[in-house]
Amino acid sequence: MTRPTRPARHTAIATTLFTALALVSGVRAGMADTFAYVGNADSNTISVFKIAGNGEMTPVQTAAFTGIEKPGASTPLAITPDHRVLIAGVRSQPFVAVSFAIDPKTGQLSHIGNGPLADSMANIATDRGGKVLFSASYGGNKVALNPLAANGVVAEPKQVIPTGLNAHAFLPSPDNRFVFATNLGSDQVLRFAFDANAGTLTQNDPPAVKTPEKSGPRHFVFHPNGKFVYLIHELNGDVAAYSYEAKNGAWSEIQRTTALPEGFSGKPWAADIHITPDGRFLYASERTTNTLTAYKVDLSSGKLTTIGSVPTEKQPRGFNIDPTGHYLAAVGELSDGMTVYAIDQSSGALGKLKSYATGKKPNWVEFLTLP
């Protein structure tokens with residue numbers, strides 16, 4: 001075997017040392033950047049933060065809504081699957097969706113245009129192909145489908161469908177074949193068949209899930225493996241686990257636990273629920289106690305084991321988990337702030353890192369990693 005010449009060996013050693021130092025410091029050529037987007041209802045703005053590898057947040061922009069004067073009850077957000085556009089729902093008249101282009105290098109937002117929504121929508125989400133926007137109206141007891149133009153601006157509603165009381169979340173299945181709508185006031189989850197090619201919904205009867213009376217099903221999240229669904233109930237604080245049958249969109253309850261911390265007394269007011277990208281840990285927020293509860297997920301059965309609860313921002317209506325699964329950011333509607341937690345990768349426990357100021361009445365967090 002021919003040995004490399006001395007200069008070549010020195011170059012190889014220097015390159016290896018440089019690479020090692022870069023990895024240790026967290027700096028790497030071409031390293032992807034991750035951004036957090038916070039919807040601020042009373043400010044009619046989106047706070048943009050850049051998150052470092054150690055969880056440190058740096059404010060990079062406050063993007064204002066163009067053509068909007070009055071604040072709404074909340075500001076739901078959605079990012080298109082191609083990561084090109086962020087859409088914000090405005091819950092004051094005239095009800096519109098504001099579309100922003102996402103700069104692929106800086107993560108900053110620039111206004112593209114506004115499109116009409118069918119009502120005051122508590123929740124918005126795109127389909128998996130990014131062709132339509134789904135939305136749910138809590139006060140209007142309805143869901144809607146709006147086509148998305150090529151530039152990401154929302155077109156006129158194509159379908160507006162009455163539901164039971166208080167439609168709250170309206171999200172597609174992992175394979176984009178079904179869309180599910182929680183009806184908080186009617187204690188049910190409706191199932192719709194979705195034709196992605198035609199961009200149309202057809203309601204399936206009976207409902208996918210009937211929940212206990214006055215439980216108030218609110219938000220839900222699919223497990224990354226597509227085999228389980230987790231549903232949080234606003235009015236009794238329950239967190240229910242379901243097995244999911246992709247073939248027909250059926251939910252079958254396998255467990256029911258709680259988002260309420262130990263020793264709770266009072267009126268439950270549960271809010272949001274999210275799962276880590278690897279599916280090992282689940283988290284839920286509760287507004288009466290201002291807490292986040294963590295659960296360990298059994299990957300084979302889908303069942304949950306409660307890890308414990310930690311205090312968080314005041315009235316934690318929204319939170320989310322970064323794409324690496326290492327950090328969780330929660331916002332407080334009454335504290336006008338965001339707290340970042342480290343997720344222990346072995347136990348799932350949350351460790352508080354730092355808090356940051358946001359706009360007024362923050363209620364929604366979206367993370368995005370850009371190449």
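Arg218 is buried, at a relative accessible area of 3%. Buried here means under 20% relative accessible area, exposed means over 50%, and partly exposed lies in between (1.4 Å probe, protein chains only). This is a predicted model, where local features need pLDDT of at least 70, side-chain atom pairs count only at pLDDT 80 or more, and totals for chains, interfaces and linings use all residues. Residues are numbered from 1 along each chain as its sequence is written, and side-chain values use heavy atoms, with hydrogens and water left out.

Stay with Arg218. Its side chain meets that of Glu234 in a salt bridge (2.7 Å, N to O). A salt bridge is a side-chain nitrogen of Lys or Arg within 4 Å of a carboxyl oxygen of Asp or Glu. Arg218 sits in strand E16 (residues 217–222), while Glu234 lies in the loop between strand E17 (228–233) and strand E18 (238–245), so the pair ties together parts that are 16 residues apart in sequence. Strands (E, at least two residues) and helices (H or I, at least four) are DSSP runs, numbered from the N terminus. Glu234 is buried too, with a relative accessible area of 9%. Arg287 joins Arg218 and Glu234 in a network of salt bridges.

How many salt bridges are there by this rule? The count comes to eleven. Among them is the one between Asp33 and Lys50 (3.6 Å, N to O). Asp33 belongs to strand E1 (residues 33–40) and Lys50 to strand E2 (residues 45–51), so this pair ties together parts that are 17 residues apart in sequence. Asp33 is partly exposed, at 26% relative accessibility. Lys50 is partly exposed as well, at 33%. Another salt bridge links Arg280 and Asp278 (2.8 Å, N to O). Arg280 is partly exposed at 26%, and Asp278 is partly exposed at 39%.

E1 and E2 run antiparallel, joined by seven bridges. Two strands pair if DSSP finds at least two bridges between them. Asn40 has Thr45 in E2 as its bridge partner. E1 and E2 form a hairpin with four residues between them, and Asn44 in the turn has a positive phi of about 50°.

E2 also pairs on with strand E3 (residues 57–64). Seven bridges join these two, and they run antiparallel. Ser47 has Thr62 in E3 as its bridge partner. This hairpin has five residues between the strands, and Gly55 takes a positive phi near 90°. On a 1 Å grid over the protein atoms alone, a pocket is an open set of points where a 1.4 Å probe fits, with protein on both sides within 12 Å along at least five of seven lines; lining residues have an atom within 4 Å of a point.

The largest pocket is lined by 46 residues, and the closest to its centre are Arg128, Val221, His274, Asn320 and Glu366. Elements that give two or more residues to the lining include E16, strand E20 (270–275) and strand E28 (362–370). E28 gives the most, with seven residues. The lining divides into 25 nonpolar, 14 polar and seven charged residues. Ala, Val, Leu, Ile, Met, Phe, Trp, Tyr, Cys and Pro count as nonpolar, Asp, Glu, Lys and Arg as charged, and the others, Gly among them, as polar.
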